[in-house]
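Subject: Two-chain model for you to look at

Hi,

Here is the structure I promised to pass on. Please open it alongside this message, and my notes follow below.

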Amino acid sequence: MTAQRPTGSAWWKTAIGVLLTAVMLFPVYWMVNVSFTRDKDMRKSPPNLFPTHGTLEGYRAVLDQQLPYLGTSLVIGLGTVALTVLLAAPAGYALAKLRPRGGGLLNFVLLAAQMVPGIIMAMGFYAIYLNLGMLQSVLGLIVADSTLAVPFAVLIFTAFMSGIPGELLQAAKTDGAGQLRTFWSIVLPMSRNAVVTVSLFAFLWAWSDFVFASTLDGGGGQQPITLGIYHYIGNNNQQWNAIMATAVVASLPAALVLVLAQRYVAAGVTTGAVKD
Amino acid sequence: MNDTTQLPVGPRPVRDRRGAATAAPPQPPPAARRRPRSEQWAAWGFLTPVIIYLVVFYAYPLYRNIDLSLRNYTVRSFVQGDAPFTGLANYQKVLDDPTFVPALLHTVVFTTVSLVFQYSIGLALAVFFIRHFPLSATLRALFLVPWLLPLIVSGSTWSWMLNSDSGVVNAALHAVGIGQVDWLTSPAWSLASVTVANIWIGVPFNLVVLYSGLQSIPESLYEAASLDGAGAWQRFRHVTFPLLRPVSAITLLLGLIYTLKVFDIIWIMTKGGPNDSSTTLATWSYHLGFGSLLPAFGPGAAVGNLLVLTALGFGLIYIRLQRRQDSA
């Protein structure tokens, strides 16, 4: 927060800021607006700028039809978070504090892994899952979705755990704690912020995933909400209020994350991308 | 066994700058401590799960993908595993395909235009928001929304906004006397439409990263420039922009790698159509592999592998840049 430019006409800037934000968020507003619009007003020209005759029929349709999808997405999201943290936190600790030979190479591989397009991973997974009979399974999607988050998570944990003072770990060692215990009772509790950051991203990415869902889970009994919306558009492009209501509901995790943990998101983006 | 030579080359902590791990010196300092053998063993113990994971869930799918691209696969031979080896025939087929050149061109246009706008809008917003004014932090946080939304949500919202008959965009154009534009259903506009949506999604990322870059420019430089009589534009041109160059380079490169693989938004909005007018390499690969009743897994994988090669090429540049910055 060093760059404090002179702040003369501050309210004037706030006004511009509000205007810019409004322009940027117009599509989000429009989604909400349409979700409350009555069917018969949907094709009105010009469209209603406000849901003047608001209806909840869209949301009623969500409750009727989309709840199972939302449940599946929740399970997949939480499973992905658990798997990601379980794999990445110990790895981050090792890379940050124990610094094995070859750690640099591993870091390199992790960075490169993030550059592989999802569609390629999807095709490889499809070939493997087909042979294993793991297509259309929730577990399969959890594993596939975790590939979106694991390399990023290791990098975040490494960066964060590098900041834990070595004296603390040394003290634990002097007191007779083994590596496992040091990790579990000292490093992990101190890395709470990193755990939160990683979990947020892992959850959001798994929740939003469309590529893996559509390639590995098409036609399955338990599908995530992204497919729910996708099929909904395909089968039914009349009821846009219901489609947009589903979209609003599917956006709730993102909204929650933003309200509850905005600073973790910003930190995650920048740590994942560049040094300060 | 000198531990400081194998420092993580990855991103550095934002919140914490102490400790050797954040400064990757090209040469090990003389006083480097040796790590005891037991710590090495422990380290590998902690790393084993992730290494197995990387081999099974990254290396193996990638290997399967290469294998796929070198054989003549059908759904049946998938299960039986007896697809004949055809060498580079799939690649040849893909390069000869009439879709290849347009798809490549669309990829280049989509990526370049997205990057230019995402970066310049992101930078302008970052410069604007770095000044502190009431609500600035809250508004900046709100700008993250487009980036956090599931792509299926953004995609369908944009689809409806751009709908020819009932979309709000055409309604607005109508109000200023411009006739109906078929944003998603005419070949002339489909690529532009998906690009606009993609720019919208990418601005927040650029804003956040460039904002954090701006924060690290010392205020004293601006004061000095002001004393020398530099106006706002001159301060931007001669202080902000040059000092932001390393961050800009990395932002653009990461943006490039991300944009190359953009698939969801295009698929959701136009499926690459009409008539392949918004097909990129990523959507083409998906279309070949999964998009039709007669899947062409081999050629799909071949297109995908071309994409991987491109992305990894830029990825290597990114890693080099990152490393150079870390040791600077």
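A polar contact, as used here, is a pair of N or O atoms within 3.5 Å; within protein, one of them must be able to donate a hydrogen and the other to accept it, and residues adjacent in sequence count only if both atoms are side-chain atoms. One such case involves T84(A), where a polar atom of the side chain lies 2.6 Å from the backbone oxygen of T80(A).

Before going further, a word on the source. This is a predicted model, in which local features need pLDDT of at least 70 and side-chain atom pairs count only at pLDDT 80 or more, while totals for chains, interfaces and linings use all residues. Residues are numbered from 1 along each chain as its sequence is written, chains are lettered from A and ligands numbered from 1 in the order in which they are written, and side-chain values use heavy atoms, with hydrogens and water left out.

To stay with T84(A): this residue is found in helix α4 (residues 67-98) of chain A. Helices here are DSSP runs (H or I, at least four residues), as are strands (E, at least two), and both are numbered from the N terminus. T84(A) has 0% relative accessibility and so counts as buried; buried means under 20% relative accessible area, exposed over 50%, and partly exposed in between (1.4 Å probe, protein chains only). Leaving aside residues up to four places away in sequence, T84(A) touches S146(A), A149(A), V150(A), A153(A), V198(A) and A202(A), where contact means heavy atoms within 4.5 Å.

Now the chains themselves. Chain A has 13 helices and zero strands, and its C-alpha trace spans about 75 × 65 × 30 Å along the principal axes. Of its 276 residues, 60% are buried. Among contacts in chain A with a separation of 6 or more, 73% are between residues 24 or more positions apart. Its accessible surface is about 11,000 Å², with 67% belonging to carbon and sulfur atoms; accessible areas come from the Shrake-Rupley method with a 1.4 Å probe, and for residues only the protein chains shown count as cover.

Chain B has 15 helices and zero strands. Buried residues account for 54% of its 328 residues, and its accessible surface comes to about 14,700 Å², of which carbon and sulfur atoms hold 65%. Of the contacts in chain B between residues at least 6 apart in sequence, 65% join residues at least 24 apart.

Between chain A and chain B, 10 residue pairs are in polar contact (both at pLDDT 80 or more).

The interface of chain A and chain B has zero salt bridges by the rule, which asks for a side-chain nitrogen of Lys or Arg within 4 Å of a carboxyl oxygen of Asp or Glu. Over all chains, the search finds two. One joins D41(A) and R38(A) at 3.1 Å, N to O; D41(A) is buried at 10% relative accessible area, whereas R38(A) is partly exposed at 23%. Another joins D67(B) and R71(B) at 2.9 Å, N to O, with D67(B) buried at 14% and R71(B) partly exposed at 24%.

In helix α12 (residues 225-235) of chain A, eight of the 11 residues are buried, including I225(A), L227(A), Y230(A) and I233(A). In chain B, L256(B) sits in helix α12 (residues 245-260) and is buried at 15% relative accessibility. L256(B) touches T111(B), L115(B) and F314(B), not counting residues up to four places away in sequence. L256(B) and L115(B) are 141 residues apart in sequence, yet 6.9 Å apart in space, C-alpha to C-alpha.

Best wishes
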